[in-house]
Amino acid sequence: MLIRDAIAEKGNNLTPTERRLARLVLEEPTRVAFGTVADLARAAGTSRPSVVRFAAKLGFAGYSDLQESVRLEISRRLSTPGERIRRRDPWAAIRGNIERSIASTFESLGEARIAALAAPLVAARRVWVLSGETSMAGAHVLHSGLSMLRPEVHLVFEHSAGRDLCAAGAEDAAVVLDFARYRRVPVTAARTLAELGVSIVAITDGPLSPLAVLTPNWCELKIPAAGPFDSAVPAVVAAELIVARVADELGDAARERIDQLETLWRRTDAYLEYAPRGERPTETHDPDRSGA
């Protein structure tokens with residue numbers, strides 16, 4: 001079992017000390033892979049016996065067993081784009097990673113979970129969408145879809161987060177998408193919104209995420225590497241599922257809004273009138289026009 005999975009499985013039963021240890025294991029795996037029990041205990045502000053008990057709670061025979069598992073994961077997965085781009089994963093590995101992540105996303109996001117994530121977005125006065133860099137594709141899909149179904153949907157960018165969010169209040173909802181390595185602005189903005197009473201929906205990567213602790217309404221996605229970068233596919237899949245559920249919940253209101261949009265698009269010639277070459281009517285030769 002992967003370390004992240006082992007921690008997720010025990011997440012609700014971890015003590016505050018064990019959560020600190022888990023965060024260090026996830027964020028600084030090299031400290032575990034090449035350090036001692038004392039090194040990890042000192043970094044977490046705890047004792048060596050606590051580290052050993054933590055390893056046992058995760059299902060390992062001891063600290064050395066935990067350490068070996070972390071070393072193996074590090075050898076299989078390099079964490080930064082700078083390191084990954086030098087590794088040059090084979091095409092088959094990239095494809096396999098993405099395919100497995102899609103299957104995992106559907107397993108994590110069952111109908112009940114999607115319904116829970118969508119509910120605040122149906123009832124809210126305004127919906128704010130915040131994202132880190134890795135999940136920005138999902139944020140754009142969510143914003144685009146929701147804004148065609150209901151009013152007052154806002155995509156918040158890092159450079160203007162303070163200005164945009166100054167109008168947020170307790171009748172609003174915010175969807176925050178971010179994965180390790182977590183971006184400072186969406187996380188700190190989400191904390192502020194939670195303090196204001198905004199309903200937070202978090203799309204993230206595990207129970208120790210700084211977003212998961214802000215709300216009970218969160219989901220876990222596994223984000224694979226796709227070449228040098230983290231894949232955007234799981235976030236996009238989650239966004240599309242949420243949009244589909246919101247459309248169902250809004251019912252007639254969403255349908256009326258879509259009809260209004262279609263009318264506006266037609267009146268403004270929003271779409272190019274185009275037929276593929278093979279479907280165009282055959283032109284006849286006109287001698288008068290050709291000068292023959």
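Guide: A residue is called buried under 20% relative accessible area, exposed over 50%, and partly exposed in between, using a 1.4 Å probe and protein chains only. This is a predicted model, in which local features need pLDDT of at least 70 and side-chain atom pairs count only at pLDDT 80 or more, while totals for chains, interfaces and linings use all residues. Residues are numbered from 1 along each chain as its sequence is written, and side-chain values use heavy atoms, with hydrogens and water left out.

Visitor: Why is Trp265 called partly exposed?

Guide: Its relative accessible area is 21%. That value lies between the limits of 20% and 50%, so Trp265 is partly exposed.

Visitor: What makes Tyr271 count as exposed?

Guide: Tyr271 has 55% relative accessibility, and because this is over 50%, Tyr271 counts as exposed.

Visitor: How do you know that Trp265 and Tyr271 form an aromatic pair, and why is the pair called edge-to-face?

Guide: Rings of Phe, Tyr and Trp (its six-membered ring) pair if their centres lie within 6.5 Å; planes under 30 degrees apart are stacked, over 60 edge-to-face, and the rest tilted. These two rings are 5.6 Å apart centre to centre, with 85° between the planes, so they pair edge-to-face. The structure holds 1 aromatic pair.

Visitor: Why is α10 called roughly parallel to α13?

Guide: Helices (H or I, at least four residues) and strands (E, at least two) are DSSP runs numbered from the N terminus. Axes are lines fitted to C-alpha atoms, for helices over the stretch in contact, and angles run from 0 to 180 degrees between N-to-C directions. Helix α10 (residues 136-149) and helix α13 (residues 233-250) pack at about 15°, with axes 8 Å apart. Angles under 35 degrees count as roughly parallel, over 145 as roughly antiparallel, 65 to 115 as roughly perpendicular and the rest as oblique, so α10 is roughly parallel to α13.

Visitor: Which residues make that contact of α10 with α13?

Guide: Contact means heavy atoms within 4.5 Å. Among them are Val141 and Leu142 of α10, and Ile242 and Val243 of α13. By class, the contact has 13 nonpolar, 2 polar and 1 charged residues; Ala, Val, Leu, Ile, Met, Phe, Trp, Tyr, Cys and Pro count as nonpolar, Asp, Glu, Lys and Arg as charged, and the others, Gly among them, as polar.

Visitor: What makes α10 roughly perpendicular to α14?

Guide: The axes of α10 and helix α14 (residues 252-267) come within 7 Å and cross at roughly 95°. That angle falls in the perpendicular range, so α10 is roughly perpendicular to α14. The contact includes Met148 of α10 and Trp265 of α14. Its residues divide into 7 nonpolar, 1 polar and 1 charged.
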